[in-house]
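Student: Please walk me through this structure, one feature at a time.

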Amino acid sequence: MSALSHLHLGVAAYGLILGYVLHMAADFIAGGIPLLWPWGKRQGVHLVKSFSAVDYLIGGIGIFTFVGLALV
């Protein structure tokens, strides 16, 4: 296991968890998520319609923010 210690897997785990939580939040806002699975109704607030201009704007802002933070 010491051979893998330089990979900083703890940091990667935090990144994966953060990405998962943010993805669930985005799905909750855009179209809903099946919180009470296997009950088929999706729960969400539907503030943004998927594939709309606002959806692409939010995605673009997110990408530029990620790239900006990655370069810092």
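Tutor: Start with P38, which sits in the loop between α1 and α2. The model is predicted, so local features need pLDDT of at least 70 and side-chain atom pairs 80 or more, while totals for chains, interfaces and linings use all residues. Residues are numbered from 1 along each chain as its sequence is written, and side-chain values use heavy atoms, without hydrogens and water.

Student: What kind of peptide bond joins W37 and P38?

Tutor: First, the general idea. Most peptide bonds are trans, and most residues other than glycine have a negative phi. Now this case: the bond between W37 and P38 is cis, with omega about 15°.

Student: Which residues have a positive phi without being glycine?

Tutor: Look at H46 and F51. Phi of H46 is near 55°, and that of F51 is about 65°. H46 lies in the loop between α1 and α2, and F51 has its place in that loop too.

Student: How do I check the length of helix α1?

Tutor: Compare its span with the expected one, which is 1.5 Å times one less than the number of residues. Helix α1 runs over residues 9-30, which is 22 residues, so it should span 32 Å. Its end C-alpha atoms are 31 Å apart, which agrees.

Student: How much of the protein counts as buried?

Tutor: Of its 72 residues, 6%. The protein exposes about 6,300 Å², and carbon and sulfur atoms supply 76% of that area. Such areas come from the Shrake-Rupley method with a 1.4 Å probe; for residues, only the protein chains shown count as cover.

Student: How much space lies in the largest pocket?

Tutor: The idea is simple. Rolling a probe the size of a water molecule over the atoms shows where empty space is left. A pocket is an open set of points on a 1 Å grid over the protein atoms alone, where a 1.4 Å probe fits, with protein on both sides within 12 Å along at least five of seven lines; lining residues have an atom within 4 Å of a point. Points join across faces, edges and corners, and the volume is the space filled by probe spheres set on them. Here the largest pocket holds about 700 Å³. Its lining has 19 residues, and L22, H23, A26, I58 and G62 are the closest to its centre.

Student: Which element gives the largest share of that lining?

Tutor: Helix α1, with nine residues. Both α1 and α2 supply at least two residues each.

How values were computed. Buried < 20%, exposed > 50% of the residue type's maximum accessible area, 1.4 Å probe, protein only. Helix = DSSP H or I, 4+ residues; strand = E, 2+ residues; numbered from the N terminus.
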